[in-house]
Amino acid sequence: MLGVTTRDRFDRPTSGRVSAWTRVYLLKAFVVDIFCAVVGVFVAAQLRFGDDVAGAYVVLSLLLPVLWIAALWLAGGYDVRFIGTGSDEFRKVLNAGVSLTATVAIFSYAVNAELSRGYVVIALPSVTVFDLIARYTIRKQLHRRRAAGQCLHNVVAVGHELSVANLVTELRRDKYHGLRVVGACVVRPGECDEVVGVPVFGGLDDVTAAVKAFGADTVAVLACPEMDGVILRGLAWELEKTGTDLCVSPALLDVAGPRTTIRSTAGLTLLHVDHPQLTGVRLVSKGVFDRCIAAVALILLAPLMAILAAAIRLADGGPALFTQLRVGKGGHGFKIYKFRTMVVDAEQRKVQLLGSSDTDGVLFKLRKDPRVTSVGMHLRRWSADELPQLFNVLLGDMSLVGPRPALPDEAEKYADHVRRRLVVKPGLTGLWQVNGRADLSWEESVRLDLRYVENWSFALDLQILWKTISVLVRGLGAY
């Protein structure tokens with residue numbers, strides 16, 4: 001994820017100007033692609049033939065890396081639009097592997113070539129897997145450089161002040177997207193000199209001048225009624241002369257690409273949005289997957305959970321498990337299971353602490369909660385207190401991935417649009433956990449939960465589960 005990203009909000013075409021760091025990244029990708037192909041065919045030759053490799057397979061082993069690069073190029077593996085974020089880059093590599101395997105199989109059948117099936121079955125999947133790992137590695141290197149302020153696209157944001165502020169805030173929080181807002185052109189430029197620290201250059205007619213003044217390579221046009229089709233088309237023509245990227249954000253945000261299609265109707269370009277698929281076979285498959293994984297996890301983690309339960313009991317003599325009523329799918333209540341991390345009378349003491357919450361909105365959260373025990377502090381650090389929720393997943397009350405399970409008093413305060421998060425099962429993890437966890441504001445957590453509901457897919461679940469591992473290891477936002 002990989003998931004929904006900031007860049008998914010924009011329709012971003014390929015520009016005619018490629019930055020220096022982009023060329024270096026593509027060259028690095030090309031080198032690792034060649035290396036992975038060589039390693040893959042070498043492993044296949046050794047496993048299938050050992051040291052007795054026939055001359056024909058030596059030639060094929062030399063040819064396959066060239067074919068692999070060609071397959072990646074044809075599949076779009078070197079498209080600059082997919083560098084750094086999203087799952088498209090990895091999907092291109094996977095498509096290249098499948099396509100090349102099918103091509104080799106069809107060609108060998110057509111010319112009646114006596115190719116070793118074992119060699120082909122080992123070589124091409126090995127090359128694909130090695131390349132996926134290598135591409136992931138260089139992407140993480142790119143993310144580290146972006147976190148240090150390098151390898152970023154300079155962006156001029158265009159739109160209303162609030163929209164610009166939201167974009168700037170989001171991009172500052174997640175720098176791995178590779179976009180940095182350096183200037184803004186707003187609808188009413190005379191009312192402010194800057195937006196959340198970003199200088200305002202002028203109005204909607206000053207975008208081209210702002211690009212030149214700030215040295216930007218990208219323009220992001222946010223949802224703005226004043227920027228109509230005629231003005232936007234003229235802006236695109238002006239930016240085309242300098243090879244500047246143009247990103248356009250639709251008015252409907254947080255809807256992933258698979259749900260949207262662009263169709264031409266009566267000479268108009270219309271964005272069609274499909275309804276989210278929250279029922280049917282896919283939902284049944286999600287439930288089966290959740291319960292199978294939960295059952296396996298409970299078996300494997302049973303010794304660890306027994307040790308943690310004993311440690312909690314020995315610390316203060318209280319119960320190891322903490323149960324609490326939470327609101328699940330459709331607003332129905334269920335009993336959630338967690339390892340106890342607070343003193344036994346924590347709920348009674350909560351009334352005295354309500355005025356000192358560190359979060360806004362309807363959530364109650366304290367960074368330094370005096371009710372947390374010494375053992376509980378360590379459990380929270382690694383999120384081990386949430387392991388008993390696997391029983392909730394096994395019982396069908398929760399899912400592995402979903403919105404945060406809400407307390408009844410929180411759910412009672414939900415606005416109508418927030419109740420949308422209750423149309424799916426709450427999750428053991430979710431977008432909220434891999435994007436800040438307890439460090440998120442109430443508005444941000446709601447937005448992420450609603451984004452998940454609107455864009456749920458099995459691939460998104462896998463991406464979130466993968467990212468959860470990294471978050472748990474680093475202990476980000478856990479308290």
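Me: Is F90 buried or exposed?
Reply: This is a predicted model. The relative accessible area of F90 is 12%. The cut-off for buried is under 20%. So F90 counts as buried.

Me: How are the rings of F90 and Y136 arranged: stacked, edge-to-face or tilted?
Reply: The ring centres of F90 and Y136 lie 6.5 Å apart, and the planes meet at 45°. Planes under 30 degrees apart count as stacked, and over 60 as edge-to-face.

Me: How many residues apart in sequence are F90 and Y136?
Reply: F90 belongs to helix α3 (residues 88-110). Y136 belongs to helix α4 (residues 117-147). The pair therefore ties together parts whose separation in sequence is 46 residues.

Me: How are the rings of Y136 and W466 arranged?
Reply: Their centres are 5.9 Å apart. The planes stand at 75°, and over 60 degrees is the cut-off that matters here. So this pair is edge-to-face.

Me: Which helix holds W466, the ring partner of Y136?
Reply: Y136 is in helix α4. W466 is 330 residues away from it in sequence, so the pair ties together separate parts. W466 sits in helix α14 (residues 458-474).

Me: Which residues do the ring pairs link into a cluster?
Reply: The cluster is F90, Y136 and W466.

Me: How many salt bridges does a search of the whole structure find?
Reply: One of them joins E238 and K241, with the closest N and O atoms 3.4 Å apart. Another joins R340 and D316, at 2.7 Å. The search finds 16.

Me: What separates E238 and K241 along helix α7?
Reply: Both residues lie in helix α7 (residues 229-242). They are three residues apart. That means a separation of about one helical turn.

Me: How far apart are the closest N and O atoms of R421 and D449?
Reply: R421 and D449 form a salt bridge. Both residues are buried. Their closest N and O atoms are separated by 2.4 Å.

Me: Which ring does the charged end of R381 sit over?
Reply: The cut-off for the distance to the ring centre is within 6 Å. The charged end of R381 is 4.2 Å from the centre of its ring. That ring belongs to W382.

Note on methods
Residues are numbered from 1 along each chain as its sequence is written. This is a predicted model: local features need pLDDT of at least 70, side-chain atom pairs count only at pLDDT 80 or more; totals for chains, interfaces and linings use all residues. Side-chain values use heavy atoms; hydrogens and water are left out. A salt bridge is a side-chain nitrogen of Lys or Arg within 4 Å of a carboxyl oxygen of Asp or Glu. Helices (H or I, at least four residues) and strands (E, at least two) are DSSP runs, numbered from the N terminus. Buried means under 20% relative accessible area, exposed over 50%, partly exposed in between (1.4 Å probe, protein chains only). Rings of Phe, Tyr and Trp (its six-membered ring) pair if their centres lie within 6.5 Å; planes under 30 degrees apart count as stacked, over 60 as edge-to-face and the rest as tilted. A charge sits over a ring if NZ of Lys or CZ of Arg is within 6 Å of the ring centre and within 35 degrees of the ring normal.
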